[in-house]
Amino acid sequence: GLGRIIQAHRECEIPIPRRYDQFISILVATYNEHKVIERLLESCVALTYNAKRFEIIVIDDSSDGTFAILSSWKKRIPNLKVIHRSTRNGWKGGALNAGLNNINQKSQYVLVIDADNILVPNALESIIAYFRELHSKGQHVDAIQGYLLPLVNKVNERKLYSEPAHRTYPESWVSKAIDFRRAQRNMVEFVAKNHLGLPVEITGSLFLIRTEVIKEIGFSEDITEDWDLTIDLHLPERSLGKPHSGRGIEKSNIASRHSIKCIGKKKAIAYNPMLVSYCETPNRLRSYLKQRIRISEGHARGFKRRIWDIPKSNIDNVTKIELFFTGLQYAKFIPILALIISDSIMILGNGIDFARYNHFIKFSFWFQISLLGLSFSTNIIALNTCRQVRDYNIRDVLYLFILNLCALPGYAI
């Protein structure tokens, strides 16, 4: 079960062969990351993978001195490439496309991580081992998504691997709520989808993808390049027909016929909660709300742009339905917020007595109460599963409940 998987990771019992020959390109898009970039680079130095078989490409759009830090690290990390862009054209996706144009010709896999990540020493061996395990079982996947564990700021990063961050809590109630939310997504939703063969999402960081596949598709240059990539991987016939210039990458010499064969498999994205790295977590409500508004906007826009591609695709109906539900995960908040606003206007305009005898307002009130109760109940049910990651309790349920209420207007905007 899940407990055995997490326990195996904690005890470093992942069966990994001593040597791999696959060449991996690690792509990192940075923007004003001077506070965290050295921590990532230190973890890259500690990687146990053969240094001649991987490269680190950092595409920097910063104006805060991050580029100077990166340049100084090139002497310490011979396989580090640093690309500086004077503009932020295409957002993160544009930066990643610039990285794709500069990867080694030997590259077989691309690992995308964020600047605030801390990789565990055997991260590359672990994810390649999982690719090979799936291949040996006849499952040819194009990408693998890992589990980003929130990092506790008080933890000494030098002791991170001997004293894992999953033994302690983040600092603020917002961080605790986000941590619990991610645990539910990664330990309940993603694990279940992976087991049932439903489409798993790319979450923007800590995912490995075949180089030939990402070179054919490229990264979207909209706000949420991860969601766009998720759709592209599951709708191959819609993705590969697009001109490369629209994605900002050069034409690949790799045969499209081979890529179509590879990407057309039913399991485009696999997920393994045992493949982990550590990352920062917002600890202020304002920062989190800005992040969620940006994500919900980009997610909704990307889904609207591709909404008619899903039913026209030759994928199975179950995958189509699941992609629709995933695409509408933020749109569902619009009618809920509309109900709250309409009820409030009617009550303020007509008084409490009107609300007491109006059947529509009564129905709307109990409907909203039932939704709140359902949300709270599902969070409590998820506690047992999520406790395999950290010792979550009822306070974390309350924190997440409050955070979701605060974020509701942002989701619906």
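In the predicted model, strands β6 and β8 pair in the parallel sense, and seven bridges connect them. One of the residue pairs in this pairing joins glutamine 145 to tyrosine 271 of β8. Strand β8 spans residues 269-279, and eleven of its eleven residues are buried, so the strand is largely enclosed by the rest of the structure. A further pairing of β8 is made with β5, in the antiparallel sense and over two bridges. Here the bridge partner of isoleucine 118 is tyrosine 278 in β8.

These strands belong to an open sheet of eight strands with mixed pairing, in the order β3-β2-β1-β4-β7-β6-β8-β5. The edges are formed by β3 (80-84) and β5 (118-119); each has a single partner strand, so one side of each is left without a neighbour in the sheet. Helix α5, residues 123-136, packs on the sheet. The strands touched by α5 are β1, β2 (54-60), β4 (109-114), β5, β6 (143-150), β7 (207-210) and β8. The direction of α5 makes about 170° with that of β8.

Elsewhere in the sheet, β1 and β2 pair in the parallel sense over seven bridges. Within this pairing, isoleucine 24 has phenylalanine 54 of β2 as its bridge partner. Strand β2 is mostly covered, with seven of its seven residues buried. The burial applies to both faces of β2: Phe54, Ile56, Val58 and Asp60 lie on one side, Glu55, Ile57 and Ile59 lie on the other, and all are buried. The buried set of β2 thus includes Glu55 and Asp60, which count as charged because Asp and Glu are placed in that class.

The protein chain as a whole has 17 helices and eight strands. Of its 413 residues, 52% are buried. Among contacts between residues at least 6 apart in sequence, 80% join residues at least 24 apart.

Helix packing was examined for α8 and α11. Two packed helices are described by the angle between their axes and the distance between the axes. For α8 (residues 225-234) and α11 (residues 285-306), the axes come within 9 Å and cross at roughly 30°. This angle makes α8 roughly parallel to α11, because angles under 35 degrees fall in that class. The crossing in which α8 passes α11 is right-handed. On the α8 side, the contact involves Trp227, Asp228, Ile231 and Asp232, which meet His299, Gly302, Phe303, Arg305 and Arg306 in α11. By class, the residues of this contact comprise three nonpolar, two polar and four charged.

Aspartate 226 also lies in helix α8. The relative accessible area of aspartate 226 is 18%, so the residue counts as buried under the 20% cut-off. When neighbours within four places in sequence are left aside, aspartate 226 is in contact with Ile202, Thr203 and Gly204. The C-alpha atoms of aspartate 226 and serine 205 are 8.4 Å apart in space, with a separation of 21 residues in sequence.

Positive phi values in residues other than glycine were found at positions including asparagine 32 and tryptophan 91. Phi of asparagine 32 is near 50°. Asparagine 32 is placed in the loop between β1 (24-30) and α2 (37-45), and its relative accessibility of 29% means that it counts as partly exposed. Tryptophan 91 has a phi near 55° and lies in helix α4, which covers residues 91-100.

Terms used. Residues are numbered from 1 along each chain as its sequence is written. This is a predicted model: local features need pLDDT of at least 70, side-chain atom pairs count only at pLDDT 80 or more; totals for chains, interfaces and linings use all residues. Side-chain values use heavy atoms; hydrogens and water are left out. Helices (H or I, at least four residues) and strands (E, at least two) are DSSP runs, numbered from the N terminus. Buried means under 20% relative accessible area, exposed over 50%, partly exposed in between (1.4 Å probe, protein chains only). Axes are lines fitted to C-alpha atoms, for helices over the stretch in contact, and angles run from 0 to 180 degrees between N-to-C directions. Angles under 35 degrees count as roughly parallel, over 145 as roughly antiparallel, 65 to 115 as roughly perpendicular and the rest as oblique. A crossing is left-handed if the near helix is turned anticlockwise from the far one by less than a right angle, and right-handed if clockwise. Contact means heavy atoms within 4.5 Å. Two strands pair if DSSP finds at least two bridges between them.
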